[in-house]
Amino acid sequence: MNRLADTFSRKIDYLRISITDHCNLNCSYCSPFGGRVKLTHAEILSYEEICRLTQAAVQGGISKVRITGGEPLVRKGVVEFCRMLSGIEGLKSLTLTTNGVRLRELAPQLQGAGVQRVNISLDTLRPESFRKITGYDLLSQVLAGIEMAEEVGLHPVKINTVVMRGVNEDEIEDFARLTLEKPYDVRFIELMPFNGSSEHQSLFVPVEEMVKRVKRVGDLSLEPAAESSGPTRLCSLPGAKGKVGFIAPLSYHFCGSCNRLRLTADGKLRPCLFSEEEIDIKGPLRAGAPTEELIHIYRLAAMRKPHGHQLNCTHVEQYFGRDMQAIGG
Ligand code: SAM
């Protein structure tokens, strides 16, 4: 297999694939303008096209794929699609990121189709706050989805919690306590500036503050570096069944270890989450490009990865070409 690397010698082996820009929730920080005009059926890649692009990516050096959205579980046929993907020779890891709304129903089938793990986005454990953040009354459904993911063995179940001041920062301790009883990895994430407005600053909670709050529940011990994956630094509370993680894209950016490319639902490769630059791969694919040419486009995208993003906690009034919902996080 080929090796994919960028101009800074970072190994690129992880592809996040967004399969739709539609979502069944409406979180304001993810889709700040209530969702832009949605992509049409003709614009988005078909499952067969995504599989072809994934095969090329794997031949080019990608070994880990994460399916994302919008909400990936709202796209029809997602289970069969995962089965197609998991059959790709050389693909070592197939995971999925979801808001959990359809997980109770789909977790057993996804597991059967070769999905190894799921990340579930959940910002609150309070029904009223859930409705405020997402626009829907579906907390119990999401919690049932998390239980089901655990039951069918999608281990470790990871819960991603974006912390926002005045919204859910007072729930950090409750989320941390969840790891005492459940074998979940709860990862607290700094809010990223995606709406191009100054609202970010009033909502932003730095990671140090999150750590302080978790320490009110108990002493934190750092897991060995090998246990931590990607940008997450994992810790655990005494006697806990699960772990607590922190992801701090602004306070401590982890660009130095970035190993990823993103494929949008409409067939663009995005070298960096925080840069508008995109490289079209759908056009060449639809024009009949052979696999070697597709691999070449992945190499090109890897070479376009910047050294790091320029954001810090105060320089945030920037827009990155698409909402998070249309990129996939
Ligand atoms: N619908 C799926 C989900 O909920 O996981 C996948 C797509 S969603 C865009 C992926 C992740 O991006 C979610 O965990 C969401 O919380 C996160 N996200 C969206 N906007 C964000 C922001 N401004 N800062 C930090 N994380 C954000």
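Where is the place of S9? S9 sits in the segment before β1 (14–18). This is a predicted model, in which local features need pLDDT of at least 70, side-chain atom pairs count only at pLDDT 80 or more, and totals for chains, interfaces and linings use all residues. Residues are numbered from 1 along each chain as its sequence is written, and side-chain values use heavy atoms, with hydrogens and water left out.

**The whole chain**
- The protein chain has 11 helices and 12 strands (DSSP runs numbered from the N terminus: H or I of at least four residues for helices, E of at least two for strands).
- The radius of gyration of the chain, taken over C-alpha atoms, is 19 Å, close to the 20 Å that the globule rule gives for 329 residues, so the chain is as compact as a globular protein of that length. That rule is 2.2 Å times the number of residues to the power 0.38.
- Along its principal axes, the C-alpha trace spans about 55 × 45 × 40 Å.

**Backbone details**
- Most residues other than glycine have a negative phi, and most peptide bonds are trans.
- S9 has a positive phi, near 65 degrees, and is not a glycine.
- The peptide bond from H155 to P156 is cis, with omega near -15 degrees.
- You can find P156 in the loop between α5 (139–151) and β5 (158–163).

**Around the ligand**
- The ligand is surrounded by 17 residues, and the closest are G70, E71, T97, S121 and M192 (a residue counts if one of its heavy atoms lies within 4 Å).
- A backbone N or O atom of G70 is 2.8 Å from a nitrogen atom of the ligand, and a polar side-chain atom of E71 is 2.9 Å from a ligand nitrogen atom.
- A polar side-chain atom of S121 lies 2.5 Å from an oxygen atom of the ligand.
- On its own the ligand has 550 Å² of accessible area, and the protein covers 94% of it (Shrake-Rupley method, 1.4 Å probe).
- The shell around the ligand has 6 nonpolar, 9 polar and 2 charged residues. Here Ala, Val, Leu, Ile, Met, Phe, Trp, Tyr, Cys and Pro count as nonpolar, Asp, Glu, Lys and Arg as charged, and the others, Gly among them, as polar.

Technical notes
A polar contact is a pair of N or O atoms within 3.5 Å; within protein, one must be able to donate a hydrogen and the other to accept it, and residues adjacent in sequence count only if both atoms are side-chain atoms.
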